[in-house]
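Here is a short report on how two protein chains meet. Have the sequence and the 3D view open as you read.

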Amino acid sequence: MHGLAPTGGTSLAVEGISVAYPNGHLALRDASFSLEPGTICGLVGINGSGKSTLFKAIMGLVRPARGQVRIGGQPVQAALKRNLVAYVPQAEEVDWSFPVGVRDVVMMGRYGHMNILRIPRAADHKAVDAALDRVGMSNLAERQIGELSGGQRKRVFLARALAQGGQLLLLDEPFTGVDVTTEEAIIDLLKALRLEGKIILVSTHNLGSVPTFCDQVVLVNRTVLAAGPTERIFTGENLLRAFGGALRQHSLPEAPRAHGPLEAGHVVVLSDDERPLVMAPDGRVLGRLTQDL
Amino acid sequence: MSELLIPFEYDYMLRAMGISALVGAVAGLLSCYVVLKGWSLMGDALSHAIVPGVVLAWLGGIPFAVGAFASGLLAALAMAGLRGRTPIREDAVIGVVFTGFFGLGLFLLSLFPSNVRLQTIIFGNVLGIADADIIQMAIIAGVVALVLAIRGRDLMLSLFDPVQLVAAGGSPGRMRVLLLMLLAATAVAGLQAVGAVLVIGMLVTPGATAYLLADRFGRMAAIATVIGTTTGLAGAYASYFLDGSTGGSIVALQAAIFVVVLVFAPKHGIRATRRATAAAVAEGAA
């Protein structure tokens, strides 16, 4: 594809990538999946499963030893030069005492659109204002980022991704340390972005919320175990394969163990996080628990 | 009163105050990046590692800045090369490399005990500085300031969020090298003003002070630059009366300002944080 892609025209293809670190650790082996424009995809797996390595490969931060990542049919570096990839970091990765304000952070999303001196023009200010408005942070634009609550902090970086106008959004654990109201607001925003034809890739532990907003799921454990539509891929059997013993499993009510990965005849609650997932005996997702067991 | 104006009547004093203020300004501006990157130790290492290069440059008859810069970069390369290739922690690698370079520099210096110009590089002697050296320092300071004017925003982004710099099509690795080179260059410029031992003070203290006073990078940079400029000028001025080391008075002045700010800064000072804690507890009890 040459020239500017039409809005919503950018696809993502991860083609058989293997990533090894200098210490000899093979983080990913032969991982493949692809996403079409207008998709919210959950990237699900335990810590150390290679989720973050997959993110790094898509951002061009690590170079796969084998395979390739194509964004809109182009290599990653070309896509980055065109500002196609936006990224929302995990809260723990940000230095909240850094001397920057909310507006400064959102303006960072525009750097790739500016000249080498990075002096914002009218269009940049406009994009920043619109992004702040869209996440409901306009009234807090002059705050230093450390003065914000957990949910507000998350929204600043979402606004930065919006201001950048990328076609592919990578969100690393966006629901950690966020209250339910903010989580729902973020999910509404992601759904609106999906309608605009963007691809949103969300790495998450939060199994319970995956079926509520992801139309695709990629299960990762040192490779891509399974990828595809949520209702086909996000099953109890697959989740047990992805998580192994790391998942807490509660059966309601107590019953003798039957054949198969899940306990037969009963509703099963799978949880890796504060928001447990409730599944029917056949592995169908029923919903999520809003209260602790 | 007229006695206080005496330093301004001497050409050498005017030059000393001017160049100290210029180097102070540039080092102050750069110190913001050093502090936010957490590279104080790295700056200390680089400023010591340039000493052997100065001696070798003098022996080879080339400008001292060239030798010093090459020596600093060689040390930085050695540190970068060793990191990750040995199980030794980074601080130990830095410690070994910079004391090794500094020790070699001191040894080389001791071979030429009568060379006054070489002796001053350890403690600086801005009052007796040669015109050629002033020109070298001014050029270096100008280049560093120009580079920061052009690439400063990317450099700041690489400190705050390197992945976002990648998303904007930039390279954090290149910014790391750039900061290293700016650090080495500024250390070279500060060499004759305050000496190799104290130049790290100018490369850390103004930034650390400004960090306590500002919640925005632009303001932090402005405050650090003003502190660097005024202390450079005032330190050189004061050394005329105190008949003492210029470098010592500049860095001691900066440290004094830091202590005052540390205690009294309106938001991040010790008193203010204590008051905020007490207020929060009182509010919780009410």
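## The A–B interface

Between chain A and chain B, twelve residue pairs are in polar contact, both residues at pLDDT 80 or more. The model is a predicted one. On chain A, several elements give two or more residues to the side that touches chain B: helix H2 (76-81), strand S6 (85-88), helix H3 (102-108) and helix H5 (150-164). That side of chain A divides into 18 nonpolar, seven polar and eight charged residues.

Now the extent of the contact. Chain A brings 33 residues and chain B brings 24 residues. Together the two chains bury about 2,500 Å². Carbon and sulfur atoms carry 58% of that area. Which three residues supply more of the area that chain A buries against chain B than any other three? They are A:Phe98, A:Pro99 and A:Tyr111, with 26% of the area.

**Salt bridges.** The structure holds 13 salt bridges over all chains. Across the interface of chain A and chain B, the rule finds four. Two salt bridges that join chain A to chain B are set out here.

| Residue in chain A | Residue in chain B | Closest N and O atoms |
|---|---|---|
| A:Asp104 | B:Arg216 | 3.6 Å |
| A:Arg160 | B:Asp161 | 2.7 Å |

Where do the partners of the pair A:Arg160 and B:Asp161 sit? A:Arg160 is in helix H5 of chain A. B:Asp161 is in the loop between helix H7 (131-160) and helix H8 (162-167) of chain B. The pair crosses between chains.

To find A:Ile116, look in the loop between H3 and helix H4 (122-134) of chain A.

How values were computed: Residues are numbered from 1 along each chain as its sequence is written. Chains are lettered from A and ligands numbered from 1 in the order in which they are written. This is a predicted model: local features need pLDDT of at least 70, side-chain atom pairs count only at pLDDT 80 or more; totals for chains, interfaces and linings use all residues. Side-chain values use heavy atoms; hydrogens and water are left out. Contact means heavy atoms within 4.5 Å. Buried area is the accessible area (1.4 Å probe) that two parts lose on being put together, summed over both. A salt bridge is a side-chain nitrogen of Lys or Arg within 4 Å of a carboxyl oxygen of Asp or Glu. A polar contact is a pair of N or O atoms within 3.5 Å; within protein, one must be able to donate a hydrogen and the other to accept it, and residues adjacent in sequence count only if both atoms are side-chain atoms. Helices (H or I, at least four residues) and strands (E, at least two) are DSSP runs, numbered from the N terminus. Ala, Val, Leu, Ile, Met, Phe, Trp, Tyr, Cys and Pro count as nonpolar, Asp, Glu, Lys and Arg as charged, and the others, Gly among them, as polar.
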